[in-house]
Amino acid sequence: LAAQIGGFPFVLAIATLEPRKNLPHLVSAFGLLAAEHADLRLVIAGRDGPDRPGVDAAIERLAPAARERVVLAGHVDDAGRRALLDAASVLAYPSIYEGFGFPLLEAMSAGLPVVAARAGSIPEVAGDAALLVEPTDDRGLAAALDRVLTEDATRVELIARGRDRLGAFSWSETARALAACYR
C-alpha cells in the first residue's frame, strides 16, 4: 500500500464498497481534481461490497493519468487505518446515509480535515468541523476537497474545530446524556 501511495498527498475514504457510501461520486470528483493536483492520490480503504462494479466503472471513466492514481486498499486493520488517517491530506465522507459515521470522529482525532456529505446523521455528527456538500454534486465535492488541499487557513480551522467537536462525543458526555435520559 505504501508503494502505491508513494509518499504523495492523498484523499482518504474509509468505507465498504456499498451504494450508500456513494464512492462513484467521490471517484468522479477526484477526476475533476486530478489535473490540477498532479501528485494527488485517492485511497479507498474498505471491504469489497455490492457497489464494487459501480466504483470500478467510475474509475474506468477517469482519464488514464488519474485512473492510475486511485488506490483500492481493501480492508485495513486498526493499525493500518490509523496509519492512513495520520498520513492523509483530507478525509472524504460522501455517504448518502449514515446512522452515525465513526470515520468522521476518527479523522478528527487524527487531526485530519473532513469533507463530507450533507446527508443522514453526518451534519449532526460533524457539526461545524467539516465542509459539507450535497452527496451527488461531484463539482461541489471536488471544490470542497480543493479548498482543503489549497487553503491553509481552511485546513487549520477545520482541524481545530474537529478537535473541539470530539468533546461532544466523549465517554463522560455519553454517560451524562444517558443518565439524563433515565432521569
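Modeller: Contact here means heavy atoms within 4.5 Å. This is a predicted model.

Biologist: Which residues of α2 and α3 meet?

Modeller: From α2 come L23, P24 and V27. From α3 come G54, V55, A58 and I59.

Biologist: What makes the contact of α2 with α3 nonpolar, polar or charged by residue class?

Modeller: The contact divides into 6 nonpolar residues, 1 polar and no charged. Gly counts as polar.

Biologist: Why are α2 and α3 called roughly parallel?

Modeller: The axes of α2 (residues 23–34) and α3 (residues 52–61) cross at roughly 15°. Angles under 35 degrees count as roughly parallel. Therefore α2 and α3 are roughly parallel to each other. Their axes come within 8 Å, and the crossing is right-handed.

Biologist: Where is K21, and why is K21 called buried?

Modeller: K21 sits in the loop between β1 (10–14) and α2. The relative accessible area of K21 is 10%. Buried means under 20%, so K21 is buried.

Biologist: What is K21 in contact with, leaving aside its neighbours within four places in sequence?

Modeller: The partners of K21 are A15, T16, Y93, P94, S95 and E98.

Biologist: Now the sheet. What is the order of its strands?

Modeller: The 6 strands run β3-β2-β1-β4-β5-β6 in an open sheet, with parallel pairing.

Biologist: What makes β3 and β6 edge strands?

Modeller: β3 (70–74) and β6 (131–133) each pair on one side only. From one strand to the next, the twist averages 20°.

Biologist: How do you know that β5 and β6 pair?

Modeller: Pairing needs at least two bridges. Strand β5 (residues 114–117) is joined to β6 by 3 bridges, and the two run parallel. In β6, L132 stands opposite A116.

Biologist: Which strands does α3 touch when it packs on the sheet?

Modeller: α3 touches β2 (41–45) and β3. The direction of α3 makes about 160° with that of β3.

Biologist: Why is α5 called oblique to α6?

Modeller: Helix α5 (residues 78–87) packs on helix α6 (residues 102–109) at an angle of about 60°, with the axes 9 Å apart. That makes α5 oblique to α6. Roughly parallel needs an angle under 35 degrees, and roughly perpendicular needs 65 to 115. The crossing of α5 and α6 is right-handed.

Biologist: Which residues meet between α5 and α6, and how do they divide by class?

Modeller: R81, R82 and L85 in α5 meet P103, E106, A107 and S109 in α6. By class, this contact has 3 nonpolar, 1 polar and 3 charged residues.

Terms used
Residues are numbered from 1 along each chain as its sequence is written. This is a predicted model: local features need pLDDT of at least 70, side-chain atom pairs count only at pLDDT 80 or more; totals for chains, interfaces and linings use all residues. Side-chain values use heavy atoms; hydrogens and water are left out. Axes are lines fitted to C-alpha atoms, for helices over the stretch in contact, and angles run from 0 to 180 degrees between N-to-C directions. Helices (H or I, at least four residues) and strands (E, at least two) are DSSP runs, numbered from the N terminus. Angles under 35 degrees count as roughly parallel, over 145 as roughly antiparallel, 65 to 115 as roughly perpendicular and the rest as oblique. A crossing is left-handed if the near helix is turned anticlockwise from the far one by less than a right angle, and right-handed if clockwise. Buried means under 20% relative accessible area, exposed over 50%, partly exposed in between (1.4 Å probe, protein chains only).
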